[in-house]
Amino acid sequence: MEFILIDKSNLDTAREIENIIFPHHDALKNYLDSIFDPKKSGYYLIKENDVFIGIIGIYSYDAYPDDAWLGWFGLLEEYRGKGYGRKALEFFEELARNRGFRYARLFTDTLNNDNTRNFYKHHDYFEERYINFSDPASLKYPISIFSKSLYEERCPRWNNRDIHFTKQVNKQQ
């Protein structure tokens with residue numbers, strides 16, 4: 001498996017893959033942010049045997065310097081359940097460690113998403129429902145935050161700290 005950083009040369013390919021996996025969302029602004037400011041985030045095409053099979057990313061918030069966030073992670077349907085997801089998640093976790101983060105975090109939809117939620121739980125992430133009254137989209141769209149320590153230490157609960165979910169919802173429309 002290869003992980004190829006999304007840049008201007010492969011942006012169209014990344015958008016094609018992402019639109020198949022997430023047909024109702026648009027990650028373009030996230031990709032552009034990472035191209036123009038790679039210190040804050042990075043997104044990667046996942047490639048297996050010369051075929052692009054998915055996408056994955058990492059980002060962080062200045063206010064939470066210990067936390068790496070998984071961004072736009074998904075595989076084309078025909079590649080799910082074959083071990084690629086585990087390998088991609090391990091890539092994200094190693095990338096996070098190499099960048100000095102202590103904890104891995106992500107958020108995902110809770111509606112009709114049991115397979116995804118079970119995948120993260122199977123890989124030792126714990127789930128918390130996210131509701132933050134200063135983040136209105138969290139009241140409209142039910143999501144959970146999943147967390148995991150990247151080292152042998154206890155991972156603190158997220159406890160509904162602001163992840164600026166409303167800003168992300170607006171960004172992907």
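This is a predicted model: local features need pLDDT of at least 70, side-chain atom pairs count only at pLDDT 80 or more; totals for chains, interfaces and linings use all residues.
Contact here means heavy atoms within 4.5 Å, while helices (H or I, at least four residues) and strands (E, at least two) are DSSP runs, numbered from the N terminus. Residues are numbered from 1 along each chain as its sequence is written, and side-chain values use heavy atoms, with hydrogens and water left out.

Helix H1 (residues 11-21) comes up first. Its buried residues (under 20% relative accessible area, against over 50% for exposed and in between for partly exposed; 1.4 Å probe, protein chains only) are Leu11, Ala14, Ile17, Glu18 and Ile21. They sit on the same side of H1 because they cover an arc of only 130° around the axis, the arc being that of the directions from the helix axis to the C-beta atoms. The face turned away from that buried side carries the exposed residues Asp12, Glu16 and Ile20. The cover over the buried residues of H1 includes helix H2 (28-36) and the strands E2 (41-48), E3 (51-59) and E4 (67-75).

Those strands belong to an open sheet of 7 strands with mixed pairing, in the order E1-E2-E3-E4-E5-E7-E6; two strands pair if DSSP finds at least two bridges between them. Strand E1 (2-5) and strand E6 (126-130) are at the edges with a single partner strand each, so one side of each has no neighbour in the sheet. On average, and ignoring direction, neighbouring strands are turned by 30° against each other. For such angles, axes are lines fitted to C-alpha atoms, for helices over the stretch in contact, and angles run from 0 to 180 degrees between N-to-C directions.

As for E3, 7 of its 9 residues are buried. E2 and E3 run antiparallel, joined by 8 bridges, with Tyr44 partnered by Ile56 of E3. Their hairpin has 2 residues between the strands, and Asn49 takes a positive phi near 50° there. E3 also pairs with E4, again antiparallel, over 5 bridges; Ile58 has Leu70 of E4 as its bridge partner, and Tyr59 stands opposite Trp69 in E4. H2 packs on the sheet, touching E2, E3 and E4, and its direction makes about 110° with that of E2.
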